[in-house]
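Here is a short briefing to read alongside the model. Please keep the structure open as you go through the points.

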Amino acid sequence: MLFLMTVFITGCGDISDGEYAASVVMSGGSGRAYIESPCKVTVEAGKITAKIVWSSPNYDYMVVDGATYYPVNSEGNSTFLIPVVLDKEMVVSADTVAMSKPHLIEYTLTFSIIKEEKEGNDQTFQINNDEVSSEFEETKTAGNDGFEEILIAPEIPGLSYIGTDQNSYAKCYAIHRYSEDYVLISVYDGRKYLIIPEGGKAPDNIDEDIKLMQKPFDSIYLAASGSMCHFDSIGAIPNVVLSGLEKEKWYIEAVQKAMEAGTLEYGGKYSAPDYEKIIDKDINLVIENTMILHTPKVLEKLESLGIPVFIDRSNYEEDPLGRCEWIKIYGLLTDKENEAGMAFGEQKSLIDNLEKFENSDNKVIVFSINANHMVYVKKKSDYFSKMIEMAGGSYISNDKLEQEGSSTQSAVTMEAFYDYASEADILIYNATIENAPNSLAELVETEALFADFKAVKEGNVWYTDKSMYQFADETGTIIEELNRIFTGKEEETSFFHKLR
């Protein structure tokens, strides 16, 4: 059942037009009904609507602000498009015909735009764009379309083209080398960055689409927190002086120590940077992920200060090792290319040895459960799912799930999850999204149907370490640990823990 109405938004702050994910907290009624969370909210021209889906098909009309709204669609669970006041309780009424006679029930709803604070990404999650980012979260992949274009090295006046680095896995960037140590990074989104060596000059008559970045980059504001692990791997944490995350949200030890020592400070999140600190610290490079594109005023402000902004697109890589290979870009920017090559080589060698891994016939699925008892599962297109397959597991899904939109994660009811996942050999709870239960008994207590899952009966339920999303540089290690789990060689690893 579909209801439609829109009103002018209140309390939406600086949210730009677009589609976002919002959490829904509901009270009232018997407690048996619930609304799926998160839901989609749409902001357009100062108006906002939220698409909410009830757990029942039995709501035949709603009353909002004294007006009655009737259904225009009679299939599936009752679905409404309603006005939203963010971060404030709003009262609605819904009529249900599930009982012996219709009942108009009052509910209190609170909507909040989701902030990606779990994985180092304190970001508003916009549905029709990325991610999120840098974690095993909502992702998009670029595929191969357009990669040939970034392999074409543009002509730079006054410089001679030397050659283009060959990537092993990454398909969303290319590094072009020119004379006099000039380097151009061409990225899948069409952006081109010319890295000018220290003491060098900007070429005359250069294409205005090419962004100029002058070395050294020794005072960086890193808002793309998923990239911090690469700086750690190559010993370049000292180059980063401002972080987009507070100290307590970091799992990387070198970052925690730097913040304790005061050599690295919190510089505000990507959408609200501390401009005073940025100026005071003489920031000479800002590294963002694609969420900055949703706050164009911030991007414009940073560039108006004369600070180059590099946008990380690693989460668009189709291959898990492609994400890891972005370490080469950060090695280039910090004059630590040898260290970056060695760090990536170590991870690549683990994958090169895949033929030595023992394969398994284990059927595996990654999931989490939110407060409204909706199950969130990774699709086969998600890069975490691909890591599972690379490690010798068989990731299970179903055709209907895979066909739902472009997202690499979907929400399903517990009953639907049971239908295709109950015979999975191994369950992996994604604790980077929702806190994992403390035991198998607690998992069953949360949802009784888990008692009939094969993996639960056999004690093959694992959960991810919360730190995992901050370690894209350890992709090979994570895959190796997965293989050890699948072949029964490990009961505990750095990134995965067994639920007992």
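Strands here are DSSP runs of type E with at least two residues, numbered from the N terminus. By that count, Trp462 belongs to strand 26, which covers residues 461-464. Do keep in mind that this is a predicted model.

**The chain as a whole**
- The chain holds 14 helices and 27 strands.
- Of its 500 residues, 54% are buried.
- Among contacts in the chain with a separation of 6 or more, 62% are between residues 24 or more positions apart.

**Around Trp462**
- Is Trp462 buried or exposed? Its relative accessibility is 3%, and because buried means under 20%, Trp462 counts as buried.
- Leaving aside residues up to four places away in sequence, Trp462 touches a run of neighbours from Ile426 through Leu427 and Ile428 to Tyr429.
- Trp462 also touches Ile485, as well as Glu490, Glu491 and Glu492.

- Five strands form an open sheet in the order 18-17-16-19-20, and their pairing is parallel.
- Which strands lie at the edges? They are strand 18 (265-266) and strand 20 (309-312), each of which pairs on one side only.
- Strand 16 (residues 220-222) runs parallel to strand 19 (residues 285-289), and three bridges join the two.
- Within this pairing, Tyr221 stands opposite Val286 of strand 19.

**Helix 9 against helix 14**
- Two packed helices are described by the angle between their axes and the distance between the axes.
- Helix 9 (residues 383-390) and helix 14 (residues 475-486) have axes that come within 8 Å and cross at roughly 55 degrees.
- That angle is why helix 9 is called oblique to helix 14.
- The crossing of helix 9 past helix 14 is right-handed.
- On the helix 9 side, the contact is made by Phe384, Met387, Ile388 and Met390.
- Helix 14 contributes Thr475, Ile478, Ile479, Leu482 and Phe486.
- How do the residues of this contact divide by type, and how many are charged? Eight are nonpolar, one is polar and none is charged.

Note on methods: Residues numbered from 1 in each chain as written. Predicted model: local features only at pLDDT ≥ 70, side-chain atom pairs only at ≥ 80, totals over all residues. Heavy atoms only, no water. Pairing = 2+ DSSP bridges. Helix = DSSP H or I, 4+ residues; strand = E, 2+ residues; numbered from the N terminus. Axes fitted to C-alpha atoms, helices over the stretch in contact; angles between N-to-C directions. Parallel < 35°, antiparallel > 145°, perpendicular 65-115°, else oblique. Left-handed = near helix turned anticlockwise from the far one by under 90°. Contact = heavy atoms within 4.5 Å. Nonpolar A, V, L, I, M, F, W, Y, C, P; charged D, E, K, R; others polar. Buried < 20%, exposed > 50% of the residue type's maximum accessible area, 1.4 Å probe, protein only.
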